[in-house]
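Open the structure in your viewer and keep the selection tool at hand. Each stop below tells you what to pick next and what you will find there.

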Amino acid sequence: MDKDRVSVEPETFLTDEALSQECVARVTEAWSTDRRLGAVVSFAGVVRGDMVDGSPVAAIEFSAHREMAEESVRRLVERLVADTRSDTVRIYLRHALGRVPRGGIPIVIIVGTSHRKEAFSLCSGILELFKQEVPIYGKELTDSGGHSWKENR
Amino acid sequence: MKSSEKREGETVVRFFGPLEELLGVPEKTLTIVYPQSDVSLRRALETAFPGLRGQLFSVAVDRVVVAEGQTITEAREIALLPPFAGG
């Protein structure tokens with residue numbers, strides 16, 4: 001990837017730390033001095049309280065094949081960025097591992113580009129390919145103490 | 001090594017998500033005779049770990065998902081990957 005045109009941060013996207021809306025605000029603020037950017041689109045996934053065997057999901061415990069996941073993300077970002085016309089592309093991507101409670105944020109994707117269409121398209125494209133190609137697993141833990149394995153569809 | 005030449009190799013087989021729960025361990029070391037086709041490798045894994053039968057998973061050899069019809073000549077790591085759930 002052309003490093004003058006594209007930046008992807010942080011270096012490793014998997015984290016054992018909790019994510020929050022504050023990180024969206026922090027990154028957006030940090031990018032505000034980049035005069036090439038005309039649009040910043042952010043996505044934060046939220047753990048829903050889906051009913052599993054009659055009990056709401058209390059948390060999802062995420063795990064991963066870390067090395068494959070990091071490599072998968074690098075590849076899918078490269079593919080999508082190659083198809084993006086924007087003069088500049090900035091991407092921030094994080095996914096939490098470990099327990100994320102109901103209402104908590106397991107994934108944050110922030111995309112900055114010159115114009116809005118590319119930012120919306122790239123943010124959405126990253127999320128969709130992420131769900132299909134990145135080996136991350138989610139064990140849904142319910143209020144009643146049961147559990148079920150989440151599957152992306 | 002010629003592709004037809006048989007050779008035993010020690011391979012770490014790693015289980016993820018529901019498969020780790022099913023088998024009770026994150027990984028096991030297995031002696032596998034190479035080369036293997038994708039189909040025969042899957043059969044060998046199911047013979048070594050009968051709990052895998054009927055489970056939905058893809059196989060990654062040294063961190064690359066095995067394609068249909070691929071011949072695997074050696075592997076340090078085999079990862080068994082059930083359907084993904086990130087995001």
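**Stop 1: where the chains meet**

Show chain A and chain B together. About 1700 Å² is buried between them, and 60% of that area sits on carbon and sulfur atoms. Keep in mind that this is a predicted model. The size of an interface is often given as the accessible area lost when the parts come together.

Now select the residues in the contact. Chain A brings 23 residues and chain B brings 17 residues. Highlight A:H65, A:M68 and A:Y137. This trio supplies 37% of the area that chain A buries against chain B, more than any other three residues.

**Stop 2: charged pairs across the interface**

How many salt bridges cross the interface of chain A and chain B? The rule finds 3. Look at two of these in turn.

Pick A:K139 and B:E21. Their side chains form a salt bridge, with N and O 3.2 Å apart. A:K139 belongs to strand β9 of chain A, while B:E21 belongs to helix α1 (residues 18-23) of chain B. Is A:K139 buried or exposed? A:K139 has a relative accessible area of 19%, so it is buried, the cut-off being under 20%. B:E21 is partly exposed at 36% relative accessibility.

Next, pick A:E67 and B:R14. These side chains also meet in a salt bridge, at 3.7 Å from N to O.

**Stop 3**

Select A:R66. It lies in helix α2 of chain A. A:R66 is partly exposed, with a relative accessible area of 36%. Show what surrounds A:R66. Leaving out residues up to four places away in sequence, A:R66 touches A:L14, A:D16 and A:L97.

Then draw a distance from A:R66 to A:L122. The C-alpha atoms are 23 Å apart in space, and the two residues are 56 apart in sequence.

**Stop 4: the core of chain A**

In soluble globular proteins, nonpolar side chains tend to be buried together. The largest nonpolar core has 45 residues. Select A:F13, A:I91, A:L93 and A:I126, which have the most contacts inside this core.

The largest share, 7 residues, comes from α3(A).

Zoom in on A:I126. Apart from neighbours within four places in sequence, A:I126 is in contact with A:L76, A:L80, A:I91, A:L93, A:I109 and A:V111. Then move to a second, separate core of 18 residues. Among its members are B:V13, B:I32, B:L41 and B:I78.

**Stop 5: salt bridges in chain A**

Over all chains, the count comes to 15 salt bridges. Start with A:D143 and A:R102. Their closest N and O atoms are 3.2 Å apart. Where do the partners lie? A:D143 is in the loop between β9 (136-142) and β10 (147-149) of chain A, and A:R102 is in the loop between β7 (98-101) and β8 of chain A. The pair therefore ties together parts that are 41 residues apart in sequence. Both partners are partly exposed: A:D143 has a relative accessible area of 45%, and A:R102 has 40%.

Now select A:D50 and A:R48. Here the salt bridge spans 3.0 Å from N to O. A:D50 is partly exposed at 31% relative accessibility, whereas A:R48 is exposed at 59%.

A:E9, A:D34, A:R36 and A:R90 are joined by salt bridges that share partners.

**Stop 6: chain B on its own**

Chain B has 2 helices and 7 strands. Trace the chain from its N terminus: the elements run β-α-β-β-α-β-β-β-β. The radius of gyration of chain B is 13 Å, close to the 12 Å that the globule rule gives for 87 residues, so chain B is as compact as a globular protein of that length. Its C-alpha atoms fill a box of roughly 40 × 25 × 20 Å along the principal axes.

Colour chain B by burial. Of its 87 residues, 43% count as buried. The accessible surface of chain B is about 4700 Å², with 49% belonging to carbon and sulfur atoms.

Methods. Residues are numbered from 1 along each chain as its sequence is written. Chains are lettered from A and ligands numbered from 1 in the order in which they are written. This is a predicted model: local features need pLDDT of at least 70, side-chain atom pairs count only at pLDDT 80 or more; totals for chains, interfaces and linings use all residues. Side-chain values use heavy atoms; hydrogens and water are left out. A nonpolar core is a set of buried Ala, Val, Leu, Ile, Met, Phe, Trp, Tyr and Cys residues joined through side-chain atoms within 4.5 Å. Buried means under 20% relative accessible area, exposed over 50%, partly exposed in between (1.4 Å probe, protein chains only). Helices (H or I, at least four residues) and strands (E, at least two) are DSSP runs, numbered from the N terminus. Contact means heavy atoms within 4.5 Å. A salt bridge is a side-chain nitrogen of Lys or Arg within 4 Å of a carboxyl oxygen of Asp or Glu. The radius of gyration is taken over C-alpha atoms; the globule rule is 2.2 Å times the number of residues to the power 0.38. Accessible areas come from the Shrake-Rupley method with a 1.4 Å probe; for residues, only the protein chains shown count as cover. Buried area is the accessible area (1.4 Å probe) that two parts lose on being put together, summed over both.
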